[in-house]
Amino acid sequence: VLRLADVGEQAWIARLTRRLARSGRGDRRVLLGPGDDAAAVRPGGRPLLLTVDTLVEGVHFRRRWLSPAALGRRAFAVNASDVAAMGGRPAFALLALEAPGSLPAADLDAVAAGVDAAARRAGARLVGGNLSAGARLAITLALVGVVPGRLVTRAGARPGDRLWLTGTLGGAGLGVRRGRLAAVPLRIAAGVLLARVASAMIDVSDGLVQDLGHVCRASGVGAEIELARLPVAPAVRRALKAGAPRFAAAAGEDYELLAAVPPARERVLAPLRHRLGCRLTCVGRIVAGRPAVRVLDARGRAVRLPRGGFDHFARRA
Ligand SMILES: [Mg+2]
C-alpha cells in the first residue's frame, strides 16, 4: 500500500491539483483554481453564503462506518445542506485535510474524489485546500454558495405560517443506532424553490424539535408539531412501531429542509411541489407565544420527548 508518508505532501497536492484542473475545465466563474496562493473566483452580482464544517475521526465518524469516498461526499453534503437552507446553490468549496502519514494515499485520494464528485453534482467546484499531518483523519470543508433568488434566514416566521418538511425523518438516526451513517440528501433545488415562498427556513441536522427551536428563537415565535403528520421513514416505522413518530421528531442527521410558509403563499407553493425532487409534508404551524416547540399527539395533547440533538461539549451523565 502506498502511504501518505511515501507520497509526501507536495506530490499528493500536485496530483490532486492536476485532477481538479481537469474536472473543472471550462467553468468561467473560476479565474484561478487550486495551485496559486489562493483561489480567485468571479461569481456574479448575487449574495454569497459562506459556511464551514469539520468531520473528525472518532468524533463524527469511525472509518468502518463509511468508505473514504462516502466521507468526502458527506463533508460536502452537510455544508451544501446549510447553503440550501438559506435558498442558495453551492458554488465554490475549499477542502482542508488532516491525516496521519500511515494513512493509505488511496484513501485520501478517495476522500478528495468524493468531495469533488458531490460538488460537481451540486453545480459547485472544489477550488483549493490544505493538507496537514495529524494524529487522526479530519476533513474540513468550507463552502461558498450563491443565492439566485430570495435569501431566507431562520428569522421571519410569523404566527399562522404552516411548517413544511422535505423528505422523511428518522432514517438516518436509526442508521446511527445501528453503526451506519446514511447518505446526506442534496436538497438544493428544493431549497431554492422553497425560498420563493418561505418566511424562514433551516436544515434539520440535529433533530426536528431542536432545529425548529432555533427558528422559534430567531423569529420570536412558538411552534406546534403534530406527531401524526410526520413523514416517518418506513424503516423506522417497521423497527419502532408506535414509538416511531416520537423517535423521528427528535432524531438527528436527516438533513432535510424545514420551511415556514405564510398561508397567503400556499397558492404559490402548490405548483412548485412537483419540482422539489422529494416529498413535502405539512408537519405543524407557527404560533404566537414564547419561543418553544410543542409536540402534539393525534388528540392534540402535548407530548414530552427525550432530549434530542447533540452537543459536542456537553458533559455526559
Ligand atoms: Mg444548519
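This is a predicted model: local features need pLDDT of at least 70, side-chain atom pairs count only at pLDDT 80 or more; totals for chains, interfaces and linings use all residues.
This briefing walks through the cores, the sheet and the salt bridges of the structure above. Residues are numbered from 1 along each chain as its sequence is written, and side-chain values use heavy atoms, with hydrogens and water left out.

**Nonpolar cores**

- A nonpolar core here is a set of buried Ala, Val, Leu, Ile, Met, Phe, Trp, Tyr and Cys residues joined through side-chain atoms within 4.5 Å.
- Buried means under 20% relative accessible area, exposed means over 50%, and partly exposed lies in between (1.4 Å probe, protein chains only).
- The largest nonpolar core has 58 residues, and Trp12, Phe76 and Leu108 touch the most other members.
- Leaving aside residues up to four places away in sequence, Trp12 touches Leu4, Val7, Leu97, Ala105, Leu108, Asp109, Ala112 and Leu131 (contact means heavy atoms within 4.5 Å).
- There is also a second, separate core of 31 residues, with Leu169, Leu258, Ala260 and Val283 among them.
- As general background, nonpolar side chains tend to be buried together in soluble globular proteins.

**The sheet**

- Helices (H or I, at least four residues) and strands (E, at least two) are DSSP runs numbered from the N terminus, and two strands pair if DSSP finds at least two bridges between them.
- Seven strands make up an open sheet of mixed pairing, ordered β8-β10-β7-β11-β9-β12-β13.
- At the edges stand β8 (200-204) and β13 (302-303); each has a single partner strand, so one side of each is left without a neighbour in the sheet.
- β7 (residues 162-166) runs antiparallel to β11 (residues 280-287), and five bridges join the two.
- Leu163 has Gly284 as its bridge partner in β11, and Leu163 also stands opposite Ala260 in β10.
- The pairing of β7 with β10 is antiparallel, over four bridges.
- β8 and β10 are likewise antiparallel, joined by five bridges, with Met201 opposite Ala259 in β10.

**A closer look at β10**

- Six of the six residues of β10 are buried, so this strand is largely enclosed by the rest of the structure.
- Glu256, Leu258 and Ala260 point one way from β10, while Leu257, Ala259 and Val261 point the other way.

**Salt bridges**

- The structure holds twelve salt bridges, each being a side-chain nitrogen of Lys or Arg within 4 Å of a carboxyl oxygen of Asp or Glu.
- Asp109 pairs with Arg19, their closest N and O atoms being 3.8 Å apart.
- This pair links helix α4 (residues 105-121), which holds Asp109, to helix α2 (residues 9-23), which holds Arg19, across 90 residues.
- Asp109 is buried at 17% relative accessible area, whereas Arg19 is partly exposed at 35%.
- Arg15, Arg19 and Asp109 are linked in a network of salt bridges.
- Glu253 forms a salt bridge with Arg74, with the closest N and O atoms 2.4 Å apart.
- Glu253 sits in the loop between α9 (244-250) and β10 (256-261) and Arg74 in helix α3 (residues 68-84), so the pair ties together parts 179 residues apart in sequence.
- Arg74 is buried at 8% relative accessible area, and Glu253 is partly exposed at 27%.
- Arg120 and Asp116 form a salt bridge with closest N and O atoms 3.3 Å apart; being four residues apart in helix α4, they are separated by about one helical turn.
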